[in-house]
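Subject: Model for your files

Hello,

Here is the structure I said I would pass on. My notes on it follow below.

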Amino acid sequence: MLRTSNAVLARLPEPLHALTLKHREPLKFAVVGGAAFVVDNAMFYGLKLTVLETKPVTAKIIAVLVATIVSYVLNREWSFRTRGGRERRHEAALFFLVSGVGLVLSSAPLWISRYVFRLETPDVSLVTQEIADFMSAQIIGTLIAMVFRFWALRKWVFPEEKAHSGSVRLVPDSADEAA
């Protein structure tokens, strides 16, 4: 991942290169979030359209849990690897606590859509139900949880910049060294 990000960074025009270096942490968080979003969607729809067809909120919770594990590993080893200052166990516990709040925040719009607004068959068409599920779970819920997680991870889980909490680097990240 380091080589790929360095190669992409090296090909950017200078103004964009400088802007990317300045905001690298939120950009890395966004890339990790994109990967977790893909995992979340794949799991959510894989479960919702098969074994958990009648339990979309359960499917969403399972999908978010799997995506959270992927997110922890990628955030710890890439997005926030220059931060730390905590023992790994403490850091992981805080990450999963923050992610638990994020899970509630990301699932709440789907729950409201289905059980408060009754946007489910037979009250609405299947197409309307699926659009409402996607918008509430995958767009609104994800955006709310993403903003909360970025703020909470920087504040509580990975609070200290340049802490290098024992990660082993195979290749130095020149983007991190340059800033």
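Trp 151 is partly exposed, at 43% relative accessibility, whereas Phe 148 is buried at 18% (buried is under 20% relative accessible area, exposed over 50%, partly exposed in between, with a 1.4 Å probe and protein chains only). This is a predicted model, in which local features need pLDDT of at least 70 and side-chain atom pairs pLDDT 80 or more, while totals for chains, interfaces and linings use all residues. Residues are numbered from 1 along each chain as its sequence is written, and side-chain values use heavy atoms, with hydrogens and water left out.

Twelve aromatic pairs were counted (rings of Phe, Tyr and Trp, the last by its six-membered ring, with centres within 6.5 Å; planes under 30 degrees apart are stacked, over 60 edge-to-face, the rest tilted). One of them joins Tyr 72 and Phe 96, with centres 5.6 Å apart and planes at 45°, so this pair is tilted. Tyr 72 belongs to helix α4 (residues 56-79) and Phe 96 to helix α5, so the pair links parts 24 residues apart in sequence (helices are DSSP runs of H or I, at least four residues, numbered from the N terminus). Tyr 72 is buried at 13%; Phe 96, at 37%, is partly exposed. The rings of Phe 148 and Trp 151 are also tilted, because their planes are at 50°, with centres 6.2 Å apart. These two residues are three apart in helix α6, so about one helical turn separates them.

One aromatic cluster consists of Phe 29, Tyr 72, Phe 80, Phe 95, Phe 96, Phe 150 and Phe 158.

Regards
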